[in-house]
Amino acid sequence: MSDALVIGSIALDSVRTPHGEVKDALGGSASYGSVAISHFAPVSLVGVVGRDFSEEHIALFRSRGIGTDGLQIVDGQTFRWAGYYERNMARAHTISTHLNVFEHFVPKLSPAQAKARFVFLANIHPALQLSVLEQLKSPELVALDTMNLWIGHEKAALTKVIERVHLMLMNEDEARQYTGHDNLIEAGKALLGMGPRIVVIKKGEHGALLFQNSGLLAVPAIPLQSVKDPTGAGDSFAGGLVGYLAKLGEVTDDNVRRAVAIGTCVASFTVEDFSLNRLTRLTGAELRERVATLNKLMTPPAIDPKTLEARQG
Ligand code: AMP
């Protein structure tokens with residue numbers, strides 16, 4: 001098992017969905033990412049919050065064994081994001097983004113953090129992701145996530161980061177926006193050609209596509225009857241993926257396939273409640289049960305091609 005490191009946003013989110021709303025609830029890409037990883041491997045968090053950030057949230061990270069030495073608490077307001085989802089909850093609509101203390105944040109890794117072997121550059125300004133990347137000594141796997149805001153406004157900076165990471169995650173809209181390809185297979189291949197040897201395109205309730213040089217894997221999402229709040233699904237997916245690879249300790253193509261399946265399962269819990277409520281309650285037994293469900297979904301009965309031989313005359 002190897003140590004993991006996460007940098008990204010630590011936020012107070014105000015979210016409205018057809019199933020309710022929360023105000024200033026704990027959120028942020030690094031919060032979801034680190035809690036997801038903590039189910040599998042030791043992890044530390046690099047980021048910044050303001051004086052308004054509750055001690056309870058920091059206690060929650062610590063209670064999950066998440067290293068908080070890299071979490072700066074500075075004068076000013078914590079990053080805030082407000083958004084809403086329409087009935088099908090397929091995509092988040094941003095109402096406001098206030099970077100606040102992130103505007104002047106300079107990440108500084110400790111010598112131990114710089115040696116992390118498994119790193120998740122969760123969604124935040126690409127310049128901050130690059131700064132962390134440049135401080136890493138010899139990571140085994142660096143995974144990168146982003147969002148439409150940075151693709152739209154910071155594409156050149158983001159491209160520099162993409163070219164240097166091993167694993168790129170995007171949702172389907174982002175992959176189309178970034179690559180200009182409407183077809184997701186073309187988009188995935190274009191990203192694979194930029195440097196990352198692993199590309200994951202997330203399709204929400206329709207699962208995820210994994211691209212590696214050895215081939216493509218399509219993983220279904222877990223069919224869920226109750227989805228309350230999709231916020232953090234992508235970050236939890238990535239955290240589950242990186243955390244499981246850190247637990248296995250070796251990034252082989254087969255392990256990456258397994259890890260994408262684990263990311264799928266972890267994300268399926270996050271969406272069942274608001275904020276990090278479900279992800280922090282998640283037990284090992286629940287996770288094992290959902291992995292068994294996914295195993296069944298991914299094993300259709302084998303079809304003998306001979307049964308499809310063309311009809312004669
Ligand atoms: P997702 O996994 O894509 O649903 O990520 C949701 C999280 O992203 C929320 O908790 C937000 O706080 C965070 N977020 C939203 N906009 C940004 C941004 N511009 N930079 C960093 N994090 C963000």
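Author: Let us begin with one polar contact, a term for a pair of N or O atoms within 3.5 Å; within protein, one must be able to donate a hydrogen and the other to accept it, and residues adjacent in sequence count only if both atoms are side-chain atoms. Here, a polar side-chain atom of Asp 235 lies 2.8 Å from an oxygen atom of the ligand. This is a predicted model, in which local features need pLDDT of at least 70 and side-chain atom pairs count only at pLDDT 80 or more, while totals for chains, interfaces and linings use all residues. Residues are numbered from 1 along each chain as its sequence is written, and side-chain values use heavy atoms, with hydrogens and water left out.

Reader: How far is the ligand from the side chains of Ser 9 and Asp 13?

Author: An N or O atom in the side chain of Ser 9 is 2.8 Å from a nitrogen atom of the ligand. For Asp 13, the distance from a side-chain N or O atom to an oxygen atom of the ligand is 2.5 Å. The protein covers 88% of the 510 Å² of accessible area that the ligand has on its own; such areas come from the Shrake-Rupley method with a 1.4 Å probe, and for residues only the protein chains shown count as cover.

Reader: Which elements give two or more residues to the shell around the ligand?

Author: Elements are DSSP runs, numbered from the N terminus: helices (H or I) have at least four residues and strands (E) at least two. Those that give two or more residues to the shell are β2 (11–17), β6 (79–85), α5 (148–153) and α9 (233–248). The largest share, three residues, comes from α9.

Reader: How many residues are around the ligand, and which come nearest?

Author: A residue is near a molecule or strand if one of its heavy atoms lies within 4 Å of it. There are 20 residues around the ligand, of which Ser 9, Asp 13, Gly 28, Gly 232 and Asp 235 come nearest. In classing them, Ala, Val, Leu, Ile, Met, Phe, Trp, Tyr, Cys and Pro count as nonpolar, Asp, Glu, Lys and Arg as charged, and the others, Gly among them, as polar. By this scheme the shell has 10 nonpolar, eight polar and two charged residues.

Reader: Strand β6 was mentioned. Is Trp 81 buried or exposed?

Author: Buried means under 20% relative accessible area, exposed over 50%, and partly exposed in between (1.4 Å probe, protein chains only). Trp 81, in strand β6, counts as buried because its relative accessibility is 13%. Contact means heavy atoms within 4.5 Å. Leaving aside neighbours within four places in sequence, Trp 81 is in contact with several residues, including Leu 12, Asp 13 and Thr 231. Trp 81 and His 98 are 17 residues apart in sequence and 6.4 Å apart in space, C-alpha to C-alpha.

Reader: Which side chains have a polar contact with that of Arg 80?

Author: Arg 80 also lies in strand β6. Its side chain is joined to that of Asp 24 by a polar contact of 3.3 Å and to that of Asp 52 by one of 2.9 Å. Arg 80 is buried, since its relative accessible area is 18%. Asn 100 is among the residues that Arg 80 touches.

Reader: What is the phi of Asn 100?

Author: Phi of Asn 100 is near 50 degrees, a positive value in a residue other than glycine. Asn 100 lies in the loop between β7 (92–98) and α3 (111–114) and is partly exposed, with a relative accessible area of 25%.

Reader: Which residues touch the most other members of the largest nonpolar core?

Author: A nonpolar core is a set of buried Ala, Val, Leu, Ile, Met, Phe, Trp, Tyr and Cys residues joined through side-chain atoms within 4.5 Å. The largest one has 56 residues, and Phe 120, Val 200 and Leu 241 touch the most other members. Helix α10 (residues 253–270) provides the largest share of this core, nine residues. A second, separate core of 43 residues includes Leu 109, Leu 144, Val 161 and Val 165.

Reader: Where is Ser 236 placed, and what does Ser 236 touch?

Author: Ser 236 is in helix α9 and is buried, with a relative accessible area of 0%. Not counting residues up to four places away in sequence, Ser 236 touches Tyr 32, Ala 36, Gly 263, Val 266, Ala 267, Thr 270 and Leu 279.
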